[in-house]
Amino acid sequence: ELLEFVVLDKLARLTFEINAQKKRSEPCLVEPEVPTRDMAETVFGKNARFVSAVGIINGLEDSKVPLILQRIVKKLHVKREAPFSEAEETQLQSVLRLSPGDLRNVLDSCAFIYEQAASASLSPENLSAQLEVAGVHTSKLAAFANVWRDERADLISRLKNKSIFPLELDSVGWRLHLNMAQSSLSGLKDPSAIFELGLASTSDTREKTKEKLVLEFSHDELYDFFSQLEVIQEQLDHIG
């Protein structure tokens, strides 16, 4: 039973440390160098769809761009929720005089711009410089930079604290199970450990769904599992 207690303690410690590291994570606000043309191509690439979106963005009225960008940034960390409803997208198509395909390209590309900016921890000035190299007109650069200046720290923080997996470990329970040996003449028992892992969704919905995962280990399997947890523990300690 000692091994079961040790594994349970290790799982609890790993869960605590992972959550603690998420809370300690702060937005990385170190300013990278002002990008060269090659750096801009690395950040945004030369995807034909993105290049097409830049051309469409350049043709939009300056006054309408900031509101669109603000909505996109505020919803960027919520992967399952679009920044605009279907009704709002229909209105945008009419107001901006864009086809459904062009509007989708613009919205996706603007989201991509801010995702890349968050990933690279770009300052508003560096984002503007990268977009200028990518072909965005000067009249639109201020809108992208100003929205990023207002929303940058909050978005990076939310993205850092968001799990990339739909479920995360929420609770751990276990019990010892004894199976009688196959031979009815033998009094030996084959012990196994049964773990019940509580999994909670990482979505931003108010009511989080929960699931249970039941695992059964023999003594040897449990020892191998413990060894793997030790490796994970060392890696977390190194990262921390």
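**View 1. The start of helix α3 in a predicted model.** A side-chain oxygen of Asn-47 comes to within 2.7 Å of the backbone nitrogen of Arg-49 at the start of α3. This is a polar contact (a pair of N or O atoms within 3.5 Å; within protein, one must be able to donate a hydrogen and the other to accept it, and residues adjacent in sequence count only if both atoms are side-chain atoms). Helix α3 spans residues 48–58, and its buried residues are Phe-50, Ala-53, Val-54, Ile-56, Ile-57 and Asn-58. Buried means under 20% relative accessible area, exposed over 50%, partly exposed in between (1.4 Å probe, protein chains only). Helices (H or I, at least four residues) are DSSP runs, numbered from the N terminus.

**View 2. An aromatic cluster of Tyr-114, Phe-144 and Trp-148.** The structure holds 5 aromatic pairs. The ring centres of Tyr-114 and Phe-144 are 5.9 Å apart and their planes meet at 35 degrees, so this pair is tilted. Tyr-114 sits in helix α6 (residues 100–119) and Phe-144 in helix α8 (residues 138–160), so the pair ties together parts 30 residues apart in sequence. Tyr-114 and Trp-148 also form a tilted pair, with 5.6 Å centre to centre and 35 degrees between the planes. Trp-148 lies in helix α8, so its pair with Tyr-114 in helix α6 ties together parts 34 residues apart in sequence. Tyr-114 is buried at 0% relative accessible area. Phe-144 is buried at 0%. Trp-148 is buried at 0%. Rings of Phe, Tyr and Trp (its six-membered ring) pair if their centres lie within 6.5 Å; planes under 30 degrees apart count as stacked, over 60 as edge-to-face and the rest as tilted.

**View 3. Positive phi at Arg-97 and Ser-121.** Most residues other than glycine have a negative phi. Phi of Arg-97 is near 60 degrees. Arg-97 lies in the loop between α5 and α6 and is exposed, at 77% relative accessibility. Phi of Ser-121 is near 50 degrees. Ser-121 lies in the loop between α6 and α7 (124–134) and is buried, at 7% relative accessibility.

**View 4. Confidence along the chain.** The protein averages a pLDDT (the predictor's confidence in each residue, from 0 to 100) of 77, and 69% of the residues score at least 70. Mean confidence is lowest in helix α2 (residues 37–44), at 54, and highest in helix α5 (residues 86–96), at 93. Over residues 23–40 pLDDT stays under 50.

**Notes.** In this predicted model, local features need pLDDT of at least 70 and side-chain atom pairs count only at pLDDT 80 or more, while totals for chains, interfaces and linings use all residues. Residues are numbered from 1 along each chain as its sequence is written, and side-chain values use heavy atoms, with hydrogens and water left out.

Note on methods:
Helix = DSSP H or I, 4+ residues; strand = E, 2+ residues; numbered from the N terminus. Contact = heavy atoms within 4.5 Å.
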